[in-house]
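The following exercises concern the packing of one protein chain. Please work through each task before reading its solution.

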Amino acid sequence: MGVTRIIPPNSKTPAKLRVAAYCRISTRSSEQQSSLMAQEHYYEDHIKQNPIWVFAGVYSDIGSGTRIKGRSRFKALLLACKHGKVDMILTKSAHRFARNTVDALKTIRVLRRWNIDIYFEQEDIHSLYEHSEFILTLICARAQEESFSKSEDIKWGLRKSFENPDSKYYQRICYGYTRN
């Protein structure tokens, strides 16, 4: 007859996840700054109210999401992750996290190697799952294209207003130069 071995349950309580949030706005307009403050308060409260999470901070940047350069708090968050201070990142949406597909995927893959999950609330996606990468690629590519398209629209408008300085839409003063 076989021997039955009883394995007692692990009496250790599961470790709490150290959770941080990342927020980003594009400009310093008052509407966006109040939105940033609301996001920061929301995430701090949301994380602190979850009994299996430990608050690891809210990291916020003001600036473009098309590149990592200039996003000092994003870099600080990645450094905290690298040093084992964060287990999970919450962010409002993929386009708040990054608008550059290559940078977004590189960052997601590095964090996945470190076993750090990013939860994109709006899309309801966790980055630790392999199948999520395809969906995130599409979302980030769309955000990148939207950003590029918006930039091109602004450039077009500026060119048109400078081509016809007598137009009622010509309101801009460029680099200190004015019309005579």
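**Exercise 1.** Which residues does Leu-111 touch, not counting residues up to four places away in sequence?

*Solution.* The model is a predicted one. Take as a contact any pair of heavy atoms within 4.5 Å. Setting aside residues up to four places away in sequence, Leu-111 touches Leu-78, Cys-81, Ile-89, Phe-97, Ile-116 and Ile-118.

**Exercise 2.** Identify the members of the largest nonpolar core that touch the most other members, and state which elements supply the core.

*Solution.* Begin with the core itself, which holds 21 residues. Those touching the most other members are Leu-77, Val-86, Ile-89, Phe-97 and Leu-111. Next, assign the core to elements: at least two residues each come from strands E1 (17-25), E2 (53-62) and E4 (117-120), and from helices H2 (72-82), H3 (94-97) and H4 (101-113).

**Exercise 3.** Describe the order of helices and strands in the protein, then its contacts and surface.

*Solution.* First, count the elements: there are 5 helices and 5 strands. Along the sequence they follow the pattern β-α-β-α-β-α-α-β-β-α. Second, consider contacts between residues at least 6 apart in sequence; 64% of these join residues at least 24 apart. Third, turn to exposure: with buried meaning under 20% relative accessible area, 33% of the 180 residues count as buried. The accessible surface comes to about 12,300 Å², and carbon and sulfur atoms account for 55% of that surface.

Terms used:
Residues numbered from 1 in each chain as written. Predicted model: local features only at pLDDT ≥ 70, side-chain atom pairs only at ≥ 80, totals over all residues. Heavy atoms only, no water. Helix = DSSP H or I, 4+ residues; strand = E, 2+ residues; numbered from the N terminus. Buried < 20%, exposed > 50% of the residue type's maximum accessible area, 1.4 Å probe, protein only. Areas by Shrake-Rupley, 256 points an atom, 1.4 Å probe, with all protein chains shown as cover. Core = buried A, V, L, I, M, F, W, Y, C linked by side-chain atoms within 4.5 Å.
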